[in-house]
Structures are given as structure tokens and as C-alpha cells.
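This report concerns the arrangement of helices and the surroundings of a ligand. The sequence and structure are shown first.

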Amino acid sequence: ATPTAVMVGTGKAAELGILIGNGEALEQARRVSAIVLDKTGTITTGRPALTDITPAGEWAPDHILALVAAAERGSEHPLGEALVAAARDRRLELPPVQHFEALPGHGLRTVVAGHTVLIGNPALMAAHGVDISSLATAATTAARTGSTPVFAAVDGQAAALLGVADTVRPEAVEAVAQLKALGLQVWMVTGDNADTATAVAAAVGIDHVLAEVLPAQKAEQIAALQAQGHIVAMAGDGINDAPALAQSDLGIAIGTGTDVAIAASDITLIGGDLNGIVSAVALSRRTVATIK
Ligand code: ADP
Ligand code: MG
């Protein structure tokens with residue numbers, strides 16, 4: 001496109017809440033053939049809430065929640081924030097934390113009130129030799145309804161399954177339908193478990209799901225689609241999405257997300273409205289058509 005057409009296109013986009021970092025991004029948008037959407041914080045609002053606690057053994061729900069919330073106080077993960085908020089709502093007193101270690105894509109390893117507290121997914125529990133079989137049914141039940149099952153273990157023993165549910169963004173269904181109507185293949189990628197991912201994907205009309213993907217693997221998944229000949233756009237909000245955003249042909253950051261995701265992207269959706277992705281592609285096609 002001519003510099004003038006690009007300027008006009010970029011200006012129109014800005015009016016729609018879409019910040020386009022460079023002219024190349026506007027030109028690239030029309031060529032995109034596949035779009036990969038992160039789940040937590042991109043398809044969903046990223047403001048999940050605790051829905052249920054299933055304690056293991058003798059644990060009282062409020063006691064285990066207090067330990068978990070204390071541990072998560074140092075976390076920036078939306079799941080952690082949900083658990084801290086739940087403890088605050090119940091006015092629980094949070095014990096002191098002696099050690100905090102975030103394990104991206106897995107959860108946390110902490111020491112709270114002298115006890116080793118592990119919080120996260122089954123892979124984290126397996127890596128530390130924690131037997132979570134007594135919580136398997138509760139986890140499956142939570143996941144099938146779209147909640148994320150969060151496991152907690154204290155001193156190497158399973159302590160609770162916490163179901164945390166995130167709501168799908170109101171415009172997600174329509175945005176996905178329109179992206180498909182524009183001829184794009186729509187994918188969802190997430191570090192979350194397969195049952196939860198499948199439930200959320202079904203709710204928004206996405207048929208291609210990549211679940212239980214580690215942060216570094218998100219970029220590999222983008223590269224795999226590129227190797228198949230796709231021009232790939234990636235939309236994400238988290239620190240864990242940054243490598244994939246950088247790998248993609250068109251990185252799209254959710255403006256309400258982390259600075260790291262925004263820095264790694266070509267386009268920022270200021271209000272986080274997913275319809276902005278549809279508008280960017282449509283605008284790019286029009287901008288380029290104008291000058292032909
Ligand atoms: P997503 O791609 O959905 O944003 P992440 O890659 O950040 O997910 O995390 C993958 C999984 O690791 C989560 O679904 C969760 O099971 C677990 N996890 C990560 N961080 C935390 C945390 N702070 N507390 C509990 N679980 C966590
Ligand atoms: Mg995310």
C-alpha cells in the first residue's frame with residue numbers, strides 16, 4: 001500500500017481502538033490464513049472466580065483455602081488472583097509465606113507457615129510425586145463444565161481440588177464466527193487442561209484446540225502452522241504468550257494484558273475487544289484494495 005493509504009488505514013484502526021505499530025503489520029493482516037487465540041485472558045475475561053473446593057483427607061475447606069491464598073499472594077497469574085480474592089471474600093486470615101517460587105505453565109512451589117505448599121496442574125503434582133488420585137473425579141467434573149481444576153498439596157500430600165471458572169468474553173462467539181467467515185482457520189492454544197480447553201472452545205465455536213501447551217511450546221505450535229504454509233496471527237495477553245506473539249507473522253496483544261505481551265506484538269487491541277481482530281483483517285484487505 002502507499003504510505004498515504006497506510007496512514008489512513010492506521011488512523012481508522014486507531015478510531016476503532018486498534019493500535020497498529022507499523023505499516024507492515026497493516027499489510028500483513030490481509031494475508032493471515034490462520035489465527036491462534038490464547039484462552040485465559042484472551043478468549044476469556046481473565047478474571048476467574050473460585051467455584052468449588054473439594055478437600056482431601058481431613059482438611060477443612062477454609063483452612064486449605066487460607067494456605068493456598070497465602071501462597072498465591074505473590075502470583076500474577078489470574079488463577080492465583082481468583083484464589084486470593086476468594087479468601088478475602090471469606091475474610092480468612094492468611095498465614096505468613098517463607099518461600100515463593102512461580103513455575104510458569106505449572107503453578108507454584110511455596111513454603112507457608114512452615115509447610116511446603118504446591119499449587120497447580122497434574123504435571124506439577126506428578127513432578128513432585130504427589131498422589132492426586134483421590135481428587136481425580138472432582139477434577140474431571142470441574143473441567144467438563146469449563147472450570148480449571150487447580151490442585152493443592154501440603155507437605156507432599158494431596159490437600160484439595162479447587163475449581164476456578166473464567167467467563168468467556170461476551171463478543172468471543174461473534175468474533176470467532178466472523179474470523180471464520182473471512183476464511184481464517186481459528187485455533188485456541190492454552191496451558192490449561194484438555195477437558196477445560198475443549199469445553200471453552202465448544203462454547204465459542206472453535207474446532208482446533210491445542211491444550212496443555214507449555215509457554216515455550218506455544219511458539220513451536222505457531223512455527224508448525226507456518227511450516228504448513230499458513231500466515232499466522234497470534235492473539236494473547238500473558239507473559240507466557242510473548243514468545244508465540246514474537247514468532248507469529250502478526251502478533252496481536254490484548255491491551256488490558258501484560259506489558260510484555262504488548263511489547264512482543266505488532267497490534268494492540270486497546271479495550272481487549274476481540275472484534276478488533278476482525279476489523280484489523282477487514283481494514284487491511286480494504287486498505288490494500290484501495291491502492292490497486
Ligand atoms: P494459560 O495458557 O491458560 O494462560 P498458563 O500457561 O499460564 O495457562 O498455565 C498453565 C496451567 O498451569 C494453568 O492452567 C494452571 O493449571 C497451572 N498454573 C499456572 N500458574 C498457576 C498458579 N499461579 N496457580 C495455580 N495454577 C497455576
Ligand atoms: Mg493468557
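A crossing is called left-handed if the near helix is turned anticlockwise from the far one by less than a right angle, and right-handed if clockwise. Helices (H or I, at least four residues) and strands (E, at least two) are DSSP runs, numbered from the N terminus. By this convention, helix 4 passes helix 5 in a left-handed crossing.

Axes are lines fitted to C-alpha atoms, for helices over the stretch in contact, and angles run from 0 to 180 degrees between N-to-C directions. Helix 4, residues 61–72, packs with helix 5 at an angle of about 130°, the axes being 8 Å apart. Angles under 35 degrees count as roughly parallel, over 145 as roughly antiparallel, 65 to 115 as roughly perpendicular and the rest as oblique. Helix 4 and helix 5 are therefore oblique to each other.

For helix 7 (residues 136–144) and helix 9 (residues 194–204), the axes come within 7 Å and cross at roughly 20°. Helix 7 is therefore roughly parallel to helix 9. Helix 7 passes helix 9 in a right-handed crossing.

## Model and confidence

This is a predicted model, in which local features need pLDDT of at least 70, side-chain atom pairs count only at pLDDT 80 or more, and totals for chains, interfaces and linings use all residues. Residues are numbered from 1 along each chain as its sequence is written, and chains are lettered from A and ligands numbered from 1 in the order in which they are written.

The protein chain averages a pLDDT (the predictor's confidence in each residue, from 0 to 100) of 94, and 99% of the residues score at least 70. The model has an ipTM of 0.94 and a pTM of 0.87.

## Surroundings of ligand 1

Ligand 1 is surrounded by 23 residues, the closest being Thr-40, His-77, Asn-121, Gly-191 and Asp-192; a residue is near if its C-beta atom, placed from the backbone, lies within 6 Å. Among the elements giving two or more residues to this shell are helix 3 (39–43) and helix 5 (78–89). Domain 1 (3–45 + 167–290) and domain 2 (49–165) both contribute to the shell, so ligand 1 lies between them; the domain bounds come from an automatic or database domain assignment.
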